[in-house]
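Please look through the sequence and the structure shown below before reading on.

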Amino acid sequence: MTLLPSLPITIPLAGAVLCMLFRKSLRMQKLIAVVFSFVILFTAIGLMANTADGTIAVMHVGSWSAPFGITLTVDMLSSVMLVLAGLLGVSVSIYSCFDLDDERVRFGFFPLCLILLMGVNGAFVTGDLFNLYVWFEVLLTASFILLALGGERPQLEGSIKYVALNLLSSALFLAGVGILYGMAGTLNMAQLAQVVQQGDRGGLVTMVAVMFLMAFGIKAGMFPLYFWLPASYATPPAAVSALFSGLLTKVGVYSLIRVFTLIFIADPEFLHNLILIGAGLTMVSGVLAAAAQYEMRKILAVHIVSQIGYIVMGLGLFTQAALAGTIVYLAHNIIVKTNLFLVSGAVHRIKGTYDLHKLGGLYKERPGLAILFIISAMSLAGVPPLSGFFAKLSLIIAGLEIEAWGIVAVALGVSLLTLYSMTKIWAYVFWKPAPENLPDLNPMPAGKWLLFLSPMVAFTVITVAMGVYAGPIFDYVSAAGEQLMNPQGYINAVLGGGN
Amino acid sequence: MEAVLALVIGTLYAAGLYLMMRRNLIQLIIGLSLLSHGANLLIFTAGGLRGGGAPILAEGEKVFATTPADPLPQALILTAIVISFAVTAFALVLFLRTYQTVGTDDVDKLKETDT
């Protein structure tokens with residue numbers, strides 16, 4: 001039990017090392033990646049089962065008790081994120097076994113994916129602010145290489161923007177960590193939460209909080225800091241886009257939720273309202289930018305921004321119901337958005353293009369694929385009874401409860417525009433007659449094709465199931481929201497006892 | 001001493017951000033390194049400047065005679081230096097590769113991904 005919180009970090013590392021040992025054999029690498037991502041998923045589910053009753057699993061690395069050593073903590077939010085990361089790892093590794101060219105696999109695609117998962121999981125379980133910075137660098141370095149792997153011109157251009165802005169954000173994060181250490185004398189999140197709340201430090205805490213907001217905002221893709229995202233996410237192969245959209249921005253969001261529910265909670269009047277305004281602007285600007293695009297993958301990539309707005313909205317509202325909504329929305333978004341990226345990859349595989357003007361008639365040719373797309377697209381737009389409906393509903397109810405009319409109106413309006421973007425893809429790619437007869441480029445036999453589609457089928461089933469079983473899911477996330485709103489439980493679990 | 005270091009940090013940040021906003025890829029990367037140096041010095045300064053010597057007790061002593069220097073900021077900086085070294089090495093390779101593929105080091109010309 002005490003070792004359990006470290007497993008999400010050590011298992012992917014072991015997998016990556018094994019993959020490197022079989023550097024020459026692409027088949028072995030694929031096998032190792034798939035097997036290890038399943039193990040990661042099951043470990044995450046085990047952790048979730050262990051923490052579902054509200055206990056917080058704590059591990060003091062090297063038995064240096066907190067606050068002197070590095071603590072790993074898994075609460076309900078972390079375990080949800082770990083399970084989602086595991087799901088994503090499984091689906092992307094199965095998908096890339098069939099979709100990715102040998103060249104990219106030979107240059108270490110699978111070990112890099114596992115390292116990326118290690119970094120992401122590390123960020124989800126760590127209870128130490130500087131350790132969070134280190135995990136950020138681990139996952140960023142893996143993502144830099146994944147993004148540039150292949151070396152096509154748009155990829156390189158996108159990578160430069162991504163690398164430059166993310167390093168700027170890391171420098172800001174590091175500076176914030178330094179100032180916070182100077183102020184509080186600790187970097188253990190639980191002790192920071194205690195120390196920052198004691199005594200009046202006035203503006204300094206708020207200033208550091210805004211530095212963290214900037215640093216995580218760049219990584220999450222919040223307005224007005226998201227400009228690297230559309231440039232870079234639409235350039236690599238669909239598997240990498242799916243992995244990034246599901247994990248990287250969400251790590252930024254997770255860190256925002258973590259520090260703004262645990263450490264910087266003294267001044268919600270200013271800080272959380274700032275986040276709320278940012279959330280509204282993020283939603284609107286993201287959805288408008290997506291509406292202007294005419295390339296399937298680009299619409300999806302730009303659209304991530306607007307979804308980030310919804311997720312952050314719950315944090316800005318800062319009530320238990322709103323945080324519960326945020327967690328449901330995170331889960332829903334990771335599953336649905338990844339699925340849409342994977343479907344767009346399948347479309348590209350069949351037709352060799354993402355251009356809406358060139359595509360068409362796919363509903364006639366591939367009805368199965370069309371159904372996979374439309375279910376996820378409708379879920380993203382928030383059509384009942386799919387997961388997106390309940391996720392949006394819970395956020396909007398939470399907004400109405402504290403009479404935040406403005407943000408509720410924005411959320412509803414943006415939801416309509418989301419529907420517009422999704423129906424645009426549907427109408428252009430699947431519904432309208434094919435403008436010219438593009439040849440079917442897919443050389444896969446039927447059996448292999450079904451395996452290739454299996455992650456998408458699984459995600460589609462999950463989004464429907466999340467809608468059908470909304471009741472139990474809401475019980476779980478309300479408990480998670482309550483846990484986040486009462487940081488004293490977290491502090492006691494880490495530091496031990498009621499001091 | 002704090003005032004001097006504050007000035008140095010401020011200058012590093014200003015120079016770093018200025019270079020990042022230039023159009024040349026090499027200047028961009030120098031700017032990034034200056035920023036990370038600034039952040040490292042900031043940790044060092046914010047952690048408290050004390051000339052108390054190393055925090056190691058001599059044989060038989062139970063308490064420090066003078067308050068020793070805090071070793072933690074130095075450990076943090078060491079980690080950050082190693083990370084920024086690796087990342088800078090990667091960025092250099094990426095920029096070189098981009099220069100070879102695109103044929104320019106002008107950031108303004110890298111706009112194939114903007115639509």
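The radius of gyration is taken over C-alpha atoms, and the rule used for a globule is 2.2 Å times the number of residues to the power 0.38. By that rule a compact globule of 115 residues would have a radius of gyration near 13 Å, whereas chain B has 20 Å. This is a predicted model, in which local features need pLDDT of at least 70 and side-chain atom pairs count only at pLDDT 80 or more, while totals for chains, interfaces and linings use all residues. Residues are numbered from 1 along each chain as its sequence is written, and chains are lettered from A and ligands numbered from 1 in the order in which they are written.

**Overall form of the chains**

- For chain A, with 499 residues, the globule rule gives a radius of gyration near 23 Å, and the 22 Å of chain A agrees with that of a compact globule.
- Along the principal axes, the C-alpha atoms of chain A fill a box of roughly 70 × 55 × 40 Å, and those of chain B fill one of roughly 70 × 30 × 20 Å.
- Chain A has 21 helices and 2 strands, where helices (H or I, at least four residues) and strands (E, at least two) are DSSP runs numbered from the N terminus.
- Chain B has 3 helices and 0 strands, and its pattern along the sequence is α-α-α.

**Burial and contacts within each chain**

- A residue counts as buried if 20 or more other C-beta atoms lie within 10 Å of its own, as exposed if 12 or fewer do, and as partly exposed in between, with C-beta atoms placed from the backbone.
- Buried residues make up 62% of the 499 residues in chain A and 29% of the 115 residues in chain B.
- Two residues are in contact if their C-beta atoms, placed from the backbone, lie within 7 Å; among contacts in chain A between residues at least 6 apart in sequence, 79% join residues at least 24 apart, and the corresponding share in chain B is 55%.
- I327(A), leaving aside its neighbours within four places in sequence, is in contact with L77(A), V80(A), V477(A), A480(A) and G481(A).

**A helix pair in chain A**

- Helix α1 (residues 7-21) and helix α2 (residues 26-51) of chain A pack at an angle of about 175° with their axes 9 Å apart, the axes being lines fitted to C-alpha atoms over the stretch in contact and the angles running from 0 to 180 degrees between N-to-C directions.
- That angle makes α1(A) roughly antiparallel to α2(A), a term used for angles over 145 degrees.

**A loop residue in chain A**

- F270(A) lies in the loop between α11 (238-262) and α12 (271-291) of chain A, and F270(A) is exposed because 12 other C-beta atoms lie within 10 Å.
- The C-alpha atoms of F270(A) and T206(A) are separated by 8.6 Å, although these residues are 64 residues apart along the chain.

**Where the chains meet**

- In the contact between the chains, 29 residues of chain B touch 27 residues of chain A.
- On the side of chain B that touches chain A, the elements giving two or more residues are α2 (25-46) and α3 (71-102) of chain B, and the largest share, 14 residues, comes from α3(B).

Notes:
Parallel < 35°, antiparallel > 145°, perpendicular 65-115°, else oblique.
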